Amino acid sequence: MPDDPRTPAAPDPSLPGAEEDLVTAVLTASRVLVAISARSLGEVEESLTLPQFRMLVVLQTRGALSLSRLAEHLAVNPSTALRMIERLVAAGMVAREASASDRREVRIDLTEEGVRTVVDATDRRRAEIARVVSAMPQDQRSGLVSALRAFATAGDEPTAPAKHLDLLGW
């Protein structure tokens, strides 16, 4: 049944076979990572959504940003970003302040609670990802680091910190 959402999409005829296999493998792996991400948030903050957490991570990795730059990094409309910011301000995870260089510009940044939320969720994700990686055959792991780094670079994602203690000033 072609309209059944459980039926896999047909292969993309514009992609060569090996590239289509790669896309399918990454898509499947992304399901694992999204599930891990969702579980890590449920343990940290029940009401935090994945898009809101993504906003916190963008602020953690890129520093304070204007509304328009933050929306750009999230690939959402500024009005959507503003609604997310309002919820995160109410939750005490982000703060708005006037830019030191241009008082008309408002900068969005993490609060200490926002930093702790990112650190706690990342710790849980790191532990579960380590469990998944350790379940992989050793000979399958060797190319994974360089492949995933290249994938993250192509997606314009900064490298996740190996250690997070410096984020809290420790």
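Biologist: How do you know how confident the predictor is in this chain?

Modeller: This is a predicted model, and its chain averages a pLDDT of 83. Of the residues, 82% score at least 70. Over residues 164-170, though, the pLDDT is below 50. Beyond near neighbours in sequence, that stretch has 8 contacts in the model. Where pLDDT is low, the predicted coordinates should not be read in detail.

Biologist: Thanks! Which elements does the chain have, and in what order do they run?

Modeller: There are 7 helices and 3 strands. Starting at the N terminus, the order is α-α-β-α-α-β-β-α-α-α.

Biologist: How many residues does the chain have, and what share of them is buried?

Modeller: The chain has 170 residues, and 21% of them count as buried. As for its surface, the chain exposes about 11500 Å², with 58% supplied by carbon and sulfur atoms.

Biologist: Let's pick one residue. What makes Ile85 count as buried or exposed?

Modeller: Buried means under 20% relative accessible area. Ile85 has a value of 0%, so Ile85 is buried. You will find Ile85 in helix 4, which covers residues 78-90.

Biologist: What does Ile85 touch, leaving out residues up to four places away in sequence?

Modeller: Its partners are Met55, Leu67, Leu70, Val94, Arg96 and Ile108. Take Leu67 as one of them: Ile85 and Leu67 are 18 residues apart in sequence, while their C-alpha atoms are 8.8 Å apart in space.

Biologist: How do you know the way helix 2 is set against helix 5?

Modeller: The axes of helix 2 (residues 50-62) and helix 5 (residues 112-135) come within 10 Å and cross at roughly 105°. The range for roughly perpendicular is 65 to 115 degrees, so helix 2 is roughly perpendicular to helix 5. Helix 2 contributes Phe53, Leu56, Val57 and Gln60 to the contact. From helix 5 come Thr117, Val118, Ala121, Thr122 and Arg125. By class, these residues divide into 5 nonpolar, 3 polar and 1 charged.

Biologist: What makes the phi of Ala75 worth a look?

Modeller: Most residues other than glycine have a negative phi. Ala75 has a phi near 60°, a positive value in a residue other than glycine. Ala75 sits in the loop between helix 3 and helix 4.

Biologist: And why is Ala75 called exposed?

Modeller: Exposed means over 50% relative accessible area. Ala75 has 70%, so Ala75 is exposed.

Biologist: What is the phi of Asp156, and where is Asp156 found?

Modeller: Asp156 has a phi near 60°, a positive value in a residue other than glycine. Asp156 is found in the segment after helix 7 (144-154).

Conventions: Residues are numbered from 1 along each chain as its sequence is written. This is a predicted model: local features need pLDDT of at least 70, side-chain atom pairs count only at pLDDT 80 or more; totals for chains, interfaces and linings use all residues. Side-chain values use heavy atoms; hydrogens and water are left out. Axes are lines fitted to C-alpha atoms, for helices over the stretch in contact, and angles run from 0 to 180 degrees between N-to-C directions. Helices (H or I, at least four residues) and strands (E, at least two) are DSSP runs, numbered from the N terminus. Angles under 35 degrees count as roughly parallel, over 145 as roughly antiparallel, 65 to 115 as roughly perpendicular and the rest as oblique. Contact means heavy atoms within 4.5 Å. Ala, Val, Leu, Ile, Met, Phe, Trp, Tyr, Cys and Pro count as nonpolar, Asp, Glu, Lys and Arg as charged, and the others, Gly among them, as polar. pLDDT is the predictor's confidence in each residue, from 0 to 100. Buried means under 20% relative accessible area, exposed over 50%, partly exposed in between (1.4 Å probe, protein chains only). Accessible areas come from the Shrake-Rupley method with a 1.4 Å probe; for residues, only the protein chains shown count as cover.
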